[in-house]
Amino acid sequence: MLVSHRKKFIYTKTIKTAGTSVESYFEPYCMKEGEWSFTHARLEYISDSGIIGCRTGQLLVIQASTWWNHMPAVTIKALVGESIWDSYFKFCVIRNPFDKVVSAYHFFSPKASAPTLKQDFEAWLMSNPLPIDRSKYMIDGEFCMDGVIRYETLLQDIERICERLDIPYQPQNLKNLKVGHRPSKSLEEYYSAKSTEIVTNAYRYELDKFGYTFPI
């Protein structure tokens, strides 16, 4: 998560949406000018210029931090106060749930154990928590962002957000972070009727709110 006092924005970090890459792109505007340098992991950073949530694989370090990467929007709002929350531009990254869940499947379950991919994917869906991160863009059941970046149109939407925030658009600075191995298979090869039903029911809000459908 990010808070920029320099550019007056708040970024909430979602799961399996290129969130770390986008976070890194906007980090410089949360630090004093010229202070930023790239690092994949980052400890909690707080200054008059802004805030960067702790981003590290060390659970104890995250638990000891006031600010961390995947903070819920309601927690960020409570800490920054209503005046900043209401006046700053708030945004996050969203992704088609059908694609997002397949990405999570490969990240958290790299080895298939069932005879077929559809069977293994369906079994994984039925036995693991899905990457639902509604808390990053909803408070008390209401959508609380001012804008979104769609994973499917990442560069175009980053350019639009940069224009809104008066930030130079520099696509060459977008790092490709946390990229795991994902076979080049179509989504149809993963989804059975049951799997489609599970994801549709779990992500009904996102499908309706953002107009996503099963990609063909």
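Reader: Charges first. How far apart are the mean positions of the positive and negative charges?
Author: They are 3 Å apart. The chain has 26 positive and 25 negative charges. Keep in mind that this is a predicted model.

Reader: Noted. How many helices and strands does the chain have?
Author: Nine helices and eight strands. The radius of gyration is 18 Å, close to the 17 Å from the globule rule for 216 residues, so the chain is as compact as a globular protein of that length. The C-alpha trace spans about 55 × 35 × 30 Å along its principal axes.

Reader: What share of the residues is buried?
Author: 48% of the 216 residues. The accessible surface comes to about 10,900 Å², and 52% of that belongs to carbon and sulfur atoms.

Reader: Now helix 1. How many of its residues are buried?
Author: Eight of eight, across residues 19–26. Among them are Glu23, Tyr25 and Phe26.

Reader: And what do they pack against?
Author: Strand 1, strand 2, strand 5 (89–94), strand 8 (147–150) and helix 7 (154–165).

Reader: Switch to helix 3. Which residues are buried there?
Author: Ala73, Ile76 and Val80, in a helix that runs over residues 73–80. Seen down the helix axis, the buried residues fall within an arc of 60 degrees, so they line one face of helix 3.

Reader: Why would residues three or four places apart point the same way?
Author: An α-helix has 3.6 residues a turn, so residues at that spacing point the same way.

Reader: What covers that face?
Author: The cover over the buried residues of helix 3 includes strand 1 (2–4), strand 2 (9–11), helix 4 (82–87) and strand 6 (138–139).

Reader: What follows helix 3?
Author: Gly81, with a positive phi near 95 degrees.

Reader: Last one, Pro131. Where is it found?
Author: Pro131 lies in the loop between helix 6 (117–127) and strand 6.

Reader: Buried or exposed?
Author: Buried. The relative accessible area of Pro131 is 7%, and the cut-off for buried is under 20%.

Reader: What is it in contact with, leaving aside neighbours within four places in sequence?
Author: Pro131 is in contact with Ile15, Lys100, Val101, Ala104 and Tyr203.

Reader: And how far is Pro131 from Pro97?
Author: In sequence, 34 residues. In space, 9.0 Å, C-alpha to C-alpha.

Terms used. Residues numbered from 1 in each chain as written. Predicted model: local features only at pLDDT ≥ 70, side-chain atom pairs only at ≥ 80, totals over all residues. Heavy atoms only, no water. Helix = DSSP H or I, 4+ residues; strand = E, 2+ residues; numbered from the N terminus. Rg over C-alpha atoms; globule rule 2.2 N^0.38 Å. Buried < 20%, exposed > 50% of the residue type's maximum accessible area, 1.4 Å probe, protein only. Areas by Shrake-Rupley, 256 points an atom, 1.4 Å probe, with all protein chains shown as cover. Lys, Arg positive; Asp, Glu negative; His and termini not counted. Charge placed at Lys NZ, Arg CZ, Asp CG, Glu CD. Arc of directions from axis to C-beta. Contact = heavy atoms within 4.5 Å.
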